[in-house]
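Here is a short briefing on one protein chain. Look at the sequence and the model first, then read the points below.

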Amino acid sequence: MVHVYSWREKKSILKHVACLVQEFMAEVEVRAAHNVLEACAQTDTIEKVVFTSSVTAVIWNEGRSTSSLDERNWSDINFCKKFKLWQALSKTLAEKSAWSLAMDRGINMVTINGGLLMTSDLTITNPYLKGAAEMYEDGVFVTVDLRFILDAHVCVFEDVSSYGRYLCFNHVINCSHDADKLAQMLLPSSDSSPPQSSEETRMYQQRISNKKLNNMMMELENDQLLTN
């Protein structure tokens, strides 16, 4: 006897399969991170590894709405799975795997945990944007320009005192004006008049800090000015 699935059953099966695929992709990213660090460990000429991670590996946990965040925080893996925050899950697992191998093999490693990268091809389908409304209201929705994150990588690589993780962003989206501006950028070009926020002057408190990176970059800039 052939079972004929209802639309609800089909939809449930598709959701389950999609979750399995996303978890598999997270495992792929973890293996990729492990392989890269293993290759670095076997190369004598590598002095330092700069591992690119994401702010999403920092901000997602049960107490997210009450605490201020910095490099010491990690996203909770179970929380990411529960709310299907797949990009955050991938970045968290991959970075944890990289740190584990780096410490085990004695690799000099630092990480750059970047915000949403603002490029000309950014679209609403970017996986970083899953949970954007919550990030916005929590005061942790941050973005970074390409030039800034490139300079950050160079800075932490060249500075012999760099260590650990560095949150990398140069803009915080925590007011209705910036949120509307980003929404207009992300909408397809055919939607010429996106809906405007009803919150005229609403601003959420910033609850994430990149002070560690900013201080290092400022010191490097001052040293370069003195040298010149």
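The chain exposes about 13800 Å² of surface, and carbon and sulfur atoms supply 55% of that area. The model is a predicted one. Of the 228 residues in the chain, 40% count as buried.

**Overall fold**
- The secondary structure of the chain comes to seven helices and six strands.
- Read from the N terminus on, the order of these elements is α-β-α-α-β-β-α-β-α-β-β-α-α.
- Among contacts in the chain with a separation of 6 or more, 75% are accounted for by residues 24 or more positions apart.

**Helix α3**
- Helix α3 covers residues 86-105, which makes 20 residues.
- From its first C-alpha to its last, α3 reaches 28 Å, close to the 28 Å expected at 1.5 Å a residue.
- An α-helix has 3.6 residues a turn, so residues three or four places apart point the same way.
- After α3 comes G106, which has a positive phi, near 70 degrees.

- L117 lies in strand β3, which runs over residues 116-118.
- Is L117 buried, partly exposed or exposed? L117 counts as partly exposed because its relative accessibility is 32%, while buried means under 20% and exposed means over 50%.
- Together with L146 and L150, L117 forms a nonpolar patch on the surface.
- The accessible area of L117, L146 and L150 together is about 240 Å².

Methods. Residues are numbered from 1 along each chain as its sequence is written. This is a predicted model: local features need pLDDT of at least 70, side-chain atom pairs count only at pLDDT 80 or more; totals for chains, interfaces and linings use all residues. Side-chain values use heavy atoms; hydrogens and water are left out. Patches are made of residues with over 30% relative accessible area and no salt bridge: like charges are joined within 9 Å, nonpolar side chains (Val, Leu, Ile, Met, Phe, Trp, Tyr) within 5 Å. Accessible areas come from the Shrake-Rupley method with a 1.4 Å probe; for residues, only the protein chains shown count as cover. A salt bridge is a side-chain nitrogen of Lys or Arg within 4 Å of a carboxyl oxygen of Asp or Glu. Helices (H or I, at least four residues) and strands (E, at least two) are DSSP runs, numbered from the N terminus. Buried means under 20% relative accessible area, exposed over 50%, partly exposed in between (1.4 Å probe, protein chains only). The expected span of a helix is 1.5 Å times one less than its number of residues. Contact means heavy atoms within 4.5 Å.
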